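Here is a short walk through one model. Keep the sequence and the 3D view side by side.

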Amino acid sequence: MTELDPVIAARLKRNADGLFTAVAQQRGTGEVLMVAWMDDAALARTLETRRGTYFSRSRQQQWVKGETSGHTQYVHSVRLDCDGDTVLLEVDQVGAACHTGTHTCFDADLLLGPADQK
């Protein structure tokens, strides 16, 4: 397996478990599809294969989005935020992004909507 470029690795800020946040965003619309965790190996694999690869905290292993469900992510770009603790993946999502079977993980509970314009 490919290792993460040391220059990129040096910029990452990880939590105590060696993980950092990954946000998947739909290419073209900017819609946020999901938030997951990555470790260095998952990021390296994503950069190498252009397939969204994440780290499951519950299973303690990497998983490739769509490997079992068929709901794949083709990664067009990966950006590192200014703090180095989050990556943004711009993807083409095929099928549902959420494990519940919905297009996005953010379509269930609206906590605050647009303000009324007066």
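**A walk through the model**

Start with Asp85: apart from its neighbours within four places in sequence, Asp85 is in contact with Lys13, Phe20 and Thr21. Contact means heavy atoms within 4.5 Å. The model is predicted, so local features need pLDDT of at least 70, side-chain atom pairs count only at pLDDT 80 or more, and totals for chains, interfaces and linings use all residues. Residues are numbered from 1 along each chain as its sequence is written, and side-chain values use heavy atoms, with hydrogens and water left out.

Asp85 sits in the loop between β5 and β6. Strands (E, at least two residues) and helices (H or I, at least four) are DSSP runs, numbered from the N terminus. Asp81 is found in the loop between β5 and β6 (86-93). Asp85 is partly exposed, at 32% relative accessible area. Asp81 is also partly exposed, at 24%. Buried means under 20%, exposed over 50%, and partly exposed in between (1.4 Å probe, protein chains only). An unreviewed UniProt entry places a "binding site" at Asp81, Asp83 and Asp85. UniProt positions follow the numbering used here, feature names are shortened, and annotations may be inferred rather than shown by experiment.

Now move to His71. His71 lies in the loop between β4 (61-64) and β5 (73-80). His71 is partly exposed, at 27%. Beyond its neighbours within four places in sequence, His71 is in contact with Lys65, Gly66, Gln93, Val94, Gly95 and Ala96. His71 and His99 are 28 residues apart in sequence, and their C-alpha atoms are 9.6 Å apart.

Finally, step back. The unreviewed UniProt entry places "domain: Phosphoribosyl-AMP cyclohydrolase" at residues 34-106. Over residues 34-106 the chain is 14% helix and 40% strand. The end C-alpha atoms of residues 34-106 are 7 Å apart.
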